[in-house]
Amino acid sequence: MTSVATGTYAGALAPVRAFDAFLGDPADDDAVVSTRRSVLLDEASAFPDDEIAAVTAFGLQRWYIPAAHGGMLDDALVPLLMIRHLARRDFTVAAAHGKTFLGAICAWVADGPIVTRMAGLVDTGRPVSWGLTERGRGSDLSRSATTAQIGPGSVRVDGGKWPINNAVRCRAMTVLARSDERGGPRSLSLVLVDKEEADPATIGYEPKVSSHGLRGANLAGIRFEGSVVGADAVVGPEGHGLEIVLKSLQLTRPFTTGLSMGAVDRALQTALDAAAVPDGPGGRLLDSPTARRSLGIAVADALLVECLMLVGVRSAHAFPGEMALVSALVKFLGPDTADLLFRDLTRLLGARALVVGTDHAGSLHPSAFGAFQKAARDSRVVGIFDGNSVVNLNMIVNELPNQLRPAEPPDLAEVLAPLRADARHDAIDTTALRLVTRHGSRLLRSVPALVDAVDDGRTSRAAVDAARRIGDEYAALLAEAEDLPRQSQPDPLAFHLAERFALVFGGACALAVHLARSRAIPGPLGESDAWLAAVLQRVANRLGADPVQAPVADAVLDAAVRVHEAGETVTLLGSWTERS
C-alpha cells in the first residue's frame with residue numbers, strides 16, 4: 001500500500017544511512033568491508049567469514065523479516081538499498097548474506113504457521129537457503145526430481161539440489177520437492193529442512209563449485225538421503241509449492257537489482273577515478289571526446305538500472321497484481337544493461353580492466369582495478385539466478401496478450417504516486433500477487449501519457465524527441481504483437497518483441513521517475529534533465545535510433561563527475577544520500 005505524505009519523507013531510509021556509516025569507507029583497510037580484503041579473498045576463492053559475521057552482528061537480517069512478524073521489513077526499498085551498499089563494497093558478501101531473504105521469502109508469501117518459525121530462524125542470523133535447481137534440469141522447476149513424502153506427523157525428503165548458494169553453511173533450506181508422482185501443477189510442495197531437526201547423517205554435500213564470478217561464495221550441492229522433519233515444516237499448502245515459488249520470484253527478481261546497482265556503483269567509481277588522472281602521453285580520459293561519450297553512456301546505463309530498481313520495488317508495494325510482468329521486465333533489462341555497462345567500461349579502461357589482485361593501480365587505490373574486475377565477473381550472475389534472461393523473456397511473451405487486452409487508460413497520477421519521494425509505503429500485500437496479470441503493466445500502458453506529459457515546454461528537446469521515439473516504438477510493438485501467432489514454444493520473433501518491450505518499459509521507468517521526482521533528485525543530477533535525455537537517448541539507440549548525442553553525454557557526465565568529486569554515489573535517489 002502507498003500513501004503520499006507532506007514534505008520530504010527520508011526518515012524511513014535512515015537505517016540505510018546508518019548501515020552505510022557502519023560499513024565505513026571501503027578504501028580504508030580497517031573498514032568492515034574493505035576493498036583490499038575483498039579482492040584478496042576473491043583471489044584466494046575464500047569465503048568472507050568476518051564480513052558476514054559483522055553484517056549479521058549489525059542485524060541486517062532483521063530487515064528480511066516483515067514487521068508484522070517481528071522484523072523491520074515494511075518499505076522494501078530499505079533492505080534493497082542496504083544490499084546495494086554491501087554489493088558496492090563486496091558483491092560476494094551481499095549475495096551470501098542476502099540469500100537468506102530468498103530462502104525465507106516463500107514463507108512470507110505462503111503465510112500460515114510456518115511464518116513464526118521462519119522469522120525465528122532468520123532472526124538468529126544463521127543462513128537460510130533456497131533449494132530450487134537440480135543438476136541437469138536447467139531452469140524448468142516443474143521437472144524437479146527431489147521428493148517429499150508428506151505423512152501425518154513427518155516429512156521425508158530425498159534427492160539433491162545444485163548449485164545452491166550457502167548449501168553447506170545454511171542452518172535451514174526451503175526445498176522444492178515432488179510430493180505427488182502423478183505430476184501436474186499440484187505435484188510439488190515446499191519443505192523447510194532444518195539441519196538441526198533432521199539427522200545430520202542423512203544430509204551430504206557435493207564439492208564447492210569453482211566459478212568465474214563469486215569465487216569465494218559457498219556454491220555447492222546438497223543431498224538429502226531420507227532426511228526427516230516434522231509435518232509442520234511444509235511451507236504453505238501441500239501441492240502449492242510451484243505456485244508459491246513463482247509468486248515469490250516476483251519479489252526476489254526486483255530485489256536482485258540491488259546487487260546489480262552495487263556492482264555498477266563500483267564500476268562507475270573506478271572508471272571516474274581512472275578518467276581523472278593522466279593516462280600516459282594521451283592525458284586524461286576526461287579530456288578525450290571519445291572517452292567522454294563512453295563515460296556519459298555508462299552513466300546513463302547506471303541511471304537506467306536505478307530507475308528499474310525503483311520502479312520494480314515500488315510496483316511490488318503499489319501494484320502487486322502486475323508483478324508477474326513487471327518483475328520479468330526488470331529482471332531481464334537490469335542485468336542486461338549492467339552487462340553492457342561493464343562491456344563498455346572494460347573497453348574504455350583497456351588492459352587495466354583485466355587486472356586482478358592489488359597491484360598495478362598507479363596513483364589510484366591499490367585494489368581499484370582488481371575490484372573492478374571482481375565486480376565485472378560477479379555481476380554476471382544476476383542475469384542467471386531467479387530465472388535467467390531466456391526465462392524472463394518467455395514470461396514477457398506469455399504476458400503480451402494481457403498487455404494487449406482492452407482496458408481503460410491508466411490514471412497517470414496514480415502511476416506516478418508510488419515513485420514520489422514523499423510517498424510512504426506499507427508492507428507488500430503478498431496475497432495480491434498473481435501468476436498472470438489482467439492487463440499487463442499499467443506503466444507500459446501509460447507510455448503515451450508519459451510522453452505527452454514530458455513534452456511540457458520545459459523539458460529539453462533532446463529528452464522530448466527521444467521520448468517520442470520510444471512512444472512510437474511502443475505503438476509499433478502493440479501492432480506487431482497483435483499479429484504474433486500464439487504458440488506453445490515462442491519463436492525468435494517473439495523473443496525479439498519481448499526485448500523491445502523491455503526497453504520501452506525502461507524508457508517508461510525513466511520518464512516516470514523524472515515526472516514523479518524531478519524536484520527531489522539530489523545535487524548536480526537534479527539541476528537539469530540531462531540525465532533523462534541521456535537515458536532516453538540510450539534506450540532509443542538500443543531500439544535502433546541514433547547513438548547518444550555528444551552534448552547529451554557530456555552534460556550527464558559533467559554532472560556525474562561533480563557528484564563523484566564530492567565523494568557521493570551517482571544516484572537519482574536523494575533521501576539515502578542525505579547525512580543527518
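**Exercise 1.** In which strand is Asn165 found? Decide also whether Asn165 is buried or exposed.

*Solution.* The model is predicted: local features need pLDDT of at least 70, side-chain atom pairs count only at pLDDT 80 or more, and totals for chains, interfaces and linings use all residues. Residues are numbered from 1 along each chain as its sequence is written, and side-chain values use heavy atoms, without hydrogens and water.

Step 1: Asn165 belongs to strand β4, residues 154-165. Helices (H or I, at least four residues) and strands (E, at least two) are DSSP runs numbered from the N terminus.

Step 2: the relative accessibility of Asn165 is 9%, so Asn165 counts as buried. Buried means under 20% relative accessible area, exposed over 50%, and partly exposed in between (1.4 Å probe, protein chains only).

Step 3: leaving aside residues up to four places away in sequence, Asn165 touches residues including Ala95, Ser129 and Leu219. Contact means heavy atoms within 4.5 Å.

**Exercise 2.** Find what joins the side chains of Asp50 and Arg37.

*Solution.* Step 1: Asp50 and Arg37 meet in a salt bridge, at 3.4 Å from N to O. A salt bridge is a side-chain nitrogen of Lys or Arg within 4 Å of a carboxyl oxygen of Asp or Glu.

Step 2: Asp50 lies in helix α3 (residues 49-58) and Arg37 in helix α2 (residues 35-43), so the pair ties together parts 13 residues apart in sequence.

Step 3: Asp50 is exposed at 52% relative accessible area, whereas Arg37 is partly exposed at 33%.
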